[in-house]
Amino acid sequence: MVRDGRRWWLPSAVADGLDPEEGRAGRTRRTARDWFVDFSCFLLAVLIGLTAVDSLPHEQDLPRVVAVTDQVVGALACAALWLRRRRPLGLAVAMIPVSVISNTAGGAVVVALFTLTVHRPFRYVMWVGGAQLALIPLFYWLRPDPDLAYPAIVVFAVLLSLSVVGWGMFVRSKRQLMLSLRDRARRAETEARLRAEQAQRLAREAIAREMHDVLAHRLTLLSVHAGALEFRPDAPREEIVRAAGVIRESAHEALQDLREIIGVLRAGDSDDAGRPQPTLAALDALVAESREAGMRVTLTGQVVDPAAVPASVGRTAYRIAQEALTNARKHAPGAEVTVTVTGGAGQDLAVHVRNPPPEGEVPHVPGSGQGLIGLTERAALAGGTLRHGPTPDGGFEVRAHLPWPA
């Protein structure tokens, strides 16, 4: 969208092309630049016409009625230039006979030809400009110039017309280049937004598959213990109490997991069905694996009892640390990475992964940040937040806060 403060110095055709919504709102409105250019063109045509009026008395054997007609037609042609933006082709066609009748309309003829070249394709310019060029020798044969010889004035008029056409084609190509660059930028923005939406959708689908495995486990436990109570109503009181406690705890955990997948569309069956999902307790193994791969990783502020963290929250924290370590290995090889995990029941579980700037120049690694987009979506679906970005010293950090209910 073109800002109102910058629209005034753009041509209306370009401004409407950069802001299609305003262009579709109604008839194109002239900008301040358009008014200035239109007035300048009108003034230029009038000045050329007045110069031609001074030369009329010097033409030999020119009847008075022809001189008067010349001036009247020239004045009307200058006034018609205010319509050049709405009817560029019609105005240029009307100037073809005018160029034969009136010498004072020469400036208006030039402006009309320039306008046609700027606003219409070249095929129109070829026909209209060709007709005007063909009539130039005829005009100066009927009304010789008092100061220049016939060949010289014809060559001068032809070169002037060709120069005007060339200038108009340059202006038109410049405007088309500007609009094409704007269209390309819009397409890039649209593609980036579609990629982000696709990454969010894929993250939702992955979370839905993981939650399916967790819910299936919870509900299976609930079904088994409920079935035991149904078929053994005479079981000892201690076993009944224990089974009822397992049922209550499984139902509570299932409801907690179910809240996270409301609104998430599950796409197809997972190829990893039945495979144990990582939790916060597996963070030590992840750090050890990264160290074996050659990374320098420091794990601090670890939670005292990782097993007490809810499975869904621990799994999200694990995935965040995993993706952050992967990005650090790709974009800052050799840098020491610090992983900090703090929190407790009834508070947020905080995950902070930070790395300093890399040592030396790092080769470009392909990537579009879709992994961080997926992590942001994963944290949001878990009820938390995730922020990422560069640090003041040139490094990078990822901060996540996930709810840990009491």
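Is Val66 buried, partly exposed or exposed? In this predicted model, Val66 has a relative accessibility of 31% and therefore counts as partly exposed. Although Val66 and Ile101 stand 35 residues apart in sequence, their C-alpha atoms are 8.5 Å apart in space.

The surroundings of α5 may be considered next. The axes of α5 and α6 come within 10 Å of each other and cross at roughly 160 degrees. An angle over 145 degrees counts as roughly antiparallel, and the two helices are therefore roughly antiparallel to each other. The crossing of α5 and α6 is left-handed.

From α6 the reader may proceed to α7. Helix α6 comprises residues 88-101 and helix α7 residues 106-119; the two pack at an angle of about 150 degrees, and their axes lie 9 Å apart. That angle makes α6 roughly antiparallel to α7. Here too the crossing is described by its hand: α6 passes α7 in a left-handed crossing.

Attention now turns to charged side chains. In general, side chains of opposite charge can pair when their charged atoms come close. The structure holds six salt bridges. One of them joins the side chains of Asp38 and Arg84, with a distance of 2.9 Å from N to O. Asp38 lies in helix α4, whereas Arg84 lies in the loop between α5 (64-80) and α6, so this pair ties together parts of the chain that are 46 residues apart in sequence. Asp38 and Arg84 are both buried.

Another salt bridge links Arg354 with Asp393, and the closest N and O atoms of this pair are 2.7 Å apart. Arg354 is located in strand β3 (residues 348-355) and Asp393 in the loop between β4 (385-390) and β5 (396-403); the pair therefore ties together parts that are 39 residues apart in sequence. Arg354 has a relative accessibility of 30% and so counts as partly exposed. Asp393, at 40% relative accessibility, likewise counts as partly exposed.

A further salt bridge is formed by Glu397 and Arg399, whose closest N and O atoms are 3.5 Å apart. Arg399 counts as partly exposed because its relative accessibility is 34%.

With a relative accessibility of 39%, Leu43 counts as partly exposed. This leucine is one member of a nonpolar patch on the surface, formed together with Phe39, Leu47 and Leu50. The four residues together have about 380 Å² of accessible area.

The last stop is helix α9, which covers residues 150-231 and includes Pro151. Pro151 has a relative accessible area of 56% and is therefore exposed. In sequence Pro151 is 14 residues from Pro137, while the distance between their C-alpha atoms is 8.8 Å.

Notes: Residues numbered from 1 in each chain as written. Predicted model: local features only at pLDDT ≥ 70, side-chain atom pairs only at ≥ 80, totals over all residues. Heavy atoms only, no water. Patch = residues over 30% accessible without salt bridge, like charges linked within 9 Å, V, L, I, M, F, W, Y side chains within 5 Å. Areas by Shrake-Rupley, 256 points an atom, 1.4 Å probe, with all protein chains shown as cover. Buried < 20%, exposed > 50% of the residue type's maximum accessible area, 1.4 Å probe, protein only. Axes fitted to C-alpha atoms, helices over the stretch in contact; angles between N-to-C directions. Helix = DSSP H or I, 4+ residues; strand = E, 2+ residues; numbered from the N terminus. Parallel < 35°, antiparallel > 145°, perpendicular 65-115°, else oblique. Left-handed = near helix turned anticlockwise from the far one by under 90°.
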